[in-house]
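Here are my notes on the model, as numbered points. Please keep the sequence and the 3D view open while reading them.

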Amino acid sequence: MTSPQNLKYTKTHEWVLLDGDIATIGVTDHAQQELGDITYLELPEEGDAISAGETFGVIESVKAASDIYSPIDGEVVERNGDAVDAPDVINASPYEGAWLIKVKIADPAQVESLMDASTYDEFAGDAH
Amino acid sequence: MGDVDGGSLKRTPLYDRHVAAGARIIPFAGWEMPVQYEGILAEHRQVRTRAGLFDLGHMGQLDVTGPDALAFLQYTTTNDVSRLGPGEAAYGMLPNDRGGVVDDIFVYRKPEGQDGYFVVINAANIDRDLARWGELAERRSDLDVTLTHLSDSLGMIAIQGPASEAIIQKLTDLDLASLPYFSLRDTEIASIPVRLGRTGYTGEDGFEIFPAIERTGDLWDAIMDAGKDEGLAPIGLGARDTLRLEARMPLYGQELGDDISPYEAGLGWAVKLDKGDFVGREFMAAVKAEGPKRKTVGFKTIGKAPAPRTHYEVQVDGKRVGEVTSGAFSPTLEENIGLALIEAAYAGVGKPLQIIVRGKPVEAVQVKVPFYKRAGK
């Protein structure tokens, strides 16, 4: 398993792409594999504030519901309505089609402190 | 889906095959079992449209024999076992002394030429069932009966789905077209001696097959090989749960329990009050006479909504009226379905319910069950 090098990763299996002060957040390929067939997605609205370490959404598979955690503080500027309408895109394309939210962040250093791809791959491999 | 056993987990003879087939393994009722292979949705649809093979090696079996085997089962189970002809099966329950249920079970009368009964029980309940039957055998020491626990010596494989008969027919001389649903025969499949029941837990036609435990792997391989043309695939416990829920079959620990009457669970049809005395009869008769205070109802959520799950609170107009016993996204209907045990006054097809998901009410409407019925049944 090799995760994309240009992203940062959390221990709760989210990924973050930083572009200026906008962070795009999704869930990892490892996460979608663990969840199985995804059937429902709940995301915050544009303008909502989210906080590092707190849940900002819920992802449901046939088996279970799981929280999605924010690694950063910020304000939601865009949500992926297509993924809400057809959440199985998270299974098909976790890093491209299934970005979840874009967040205007206050402190880019919060992203820098996250895991890089090789550290995450080792972490996710051990988490089995 | 049952409790995770904290101790060492058991494996069926098919464990290595599941791992080789890419299954995800989970702890279930003290066993390491496959929860999914390809994915729950695909496996579910596989069983509804073609056929799927299930490892049920975790489930329990026993033989009940002796001159008073019938009298003992009449006394210790809810259904009328005396109605069974040779090789016929019935669903029933093992009651506690208060009108609740210790386990739900399948009782097969053995085929022509053999005495006694063969009983299949839930994996999670094997120890408590055996303890309960042992206690009841002492209570009825007037009855001459022998219980033989077979779980460690028998394997159990189910094949379910419309192509099941065609696949198994390739491997046996027994004429399956003339084998009715809910019947049991001793036969050979791929030259392996088995007990073969035309039963299942998915709402589809199919068979449950019991080989000697050491032949289970050979039987699995032979059936998988015979089913190649029909696209037979292995199915995990995840799809087993959504299949049984669509067919409105109860799961012990969810729809059934020590404190739920069969009449509340909607299983009064498997309680035969007129068959004579049995354990818990007076309590069950009272519930039936007064009408159950709670009912198990089927429902669907309305619009795009999160899935209902076991133990979610159910409300009507802000008042708590019960809880969800089982709920899931239905792969066949492509909407959320569930069963809930609620106060009887609020039960009725077409009536509303609100399911509390993560603190917020989700609108639902009660619907007729089963949610799914196979064509021609």
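1. Helices (H or I, at least four residues) and strands (E, at least two) are DSSP runs, numbered from the N terminus. On that basis, B:Phe182 is found in the loop between helix H5 (164-169) and strand S10 (184-189) of chain B. Its phi is near 65 degrees, a positive value in a residue other than glycine. A residue is buried if 20 or more other C-beta atoms lie within 10 Å of its own, exposed if 12 or fewer, and partly exposed in between, with C-beta atoms placed from the backbone. B:Phe182 counts as partly exposed because it has 16 C-beta neighbours inside 10 Å.

2. The model is predicted: local features need pLDDT of at least 70, side-chain atom pairs count only at pLDDT 80 or more, and totals for chains, interfaces and linings use all residues. Residues are numbered from 1 along each chain as its sequence is written, while chains are lettered from A and ligands numbered from 1 in the order in which they are written.

3. B:Arg248 also has a positive phi, near 55 degrees, and is not a glycine. This residue sits in the loop between H7 and helix H8 (281-290) of chain B. Is B:Arg248 buried or exposed? B:Arg248 counts as buried, because 20 C-beta neighbours lie inside 10 Å.

4. A nonpolar core is a set of buried Ala, Val, Leu, Ile, Met, Phe, Trp, Tyr and Cys residues joined through C-beta atoms within 7 Å. The largest one has 99 residues, and the members that touch the most others are B:Val107, B:Val119, B:Ile157 and B:Ala340. Strand S6 (residues 101-109) of chain B gives the largest share of this core, six residues. A second, separate core has 30 residues, including A:Val16, A:Val27, A:Ile90 and A:Trp99.

5. Two residues are in contact if their C-beta atoms, placed from the backbone, lie within 7 Å. Leaving aside neighbours within four places in sequence, B:Val119 is in contact with B:Gln61, B:Leu62, B:Val64, B:Ile105, B:Phe106 and B:Val107.

6. Helix H3 (residues 69-76) of chain B is mostly covered, with six of its eight residues buried. These are B:Ala69, B:Phe72, B:Leu73, B:Gln74, B:Tyr75 and B:Thr76. Among the elements that cover them are strand S4 (60-65), strand S5 (89-95) and helix H4 (126-139) of chain B.

7. Two strands pair if DSSP finds at least two bridges between them. Strand S9 (residues 157-160) of chain B is joined by four bridges to strand S3 (residues 52-55) of chain B, running antiparallel; here B:Gly52 stands opposite B:Gln160. Four bridges also join S9(B) to strand S12 (residues 206-211) of chain B, again antiparallel, and B:Ile157 faces B:Ile209 in that pair. From S9(B), B:Ile157 and B:Ile159 point one way and B:Ala158 and B:Gln160 the other way, and all are buried.

8. Chain B has a closed barrel of six strands, S14-S17-S16-S15-S18-S19, with antiparallel pairing. Strand S14 (residues 294-301) and strand S19 (residues 360-367) of chain B pair over four bridges, and B:Gly298 has B:Val367 as its bridge partner in S19(B). In the segment after S19 of chain B lies B:Pro370, which a cis peptide bond joins to B:Val369, with omega about 0 degrees.

9. Chain A has an open sheet of six strands in the order S1-S2-S3-S9-S8-S5, with antiparallel pairing. Its edge strands, each pairing on one side only, are strand S1 (8-9) and strand S5 (49-50) of chain A. S1(A) pairs with strand S2 (residues 14-19) of chain A over two bridges, and A:Tyr9 stands opposite A:Trp15.

10. How many residues does each chain give to the contact between chains A and B? The contact takes 10 residues from chain A and 12 residues from chain B. On the side of chain A that touches chain B, strand S4 (38-42) and strand S6 (55-61) of chain A each supply at least two residues. S4(A) gives the most, with three residues.
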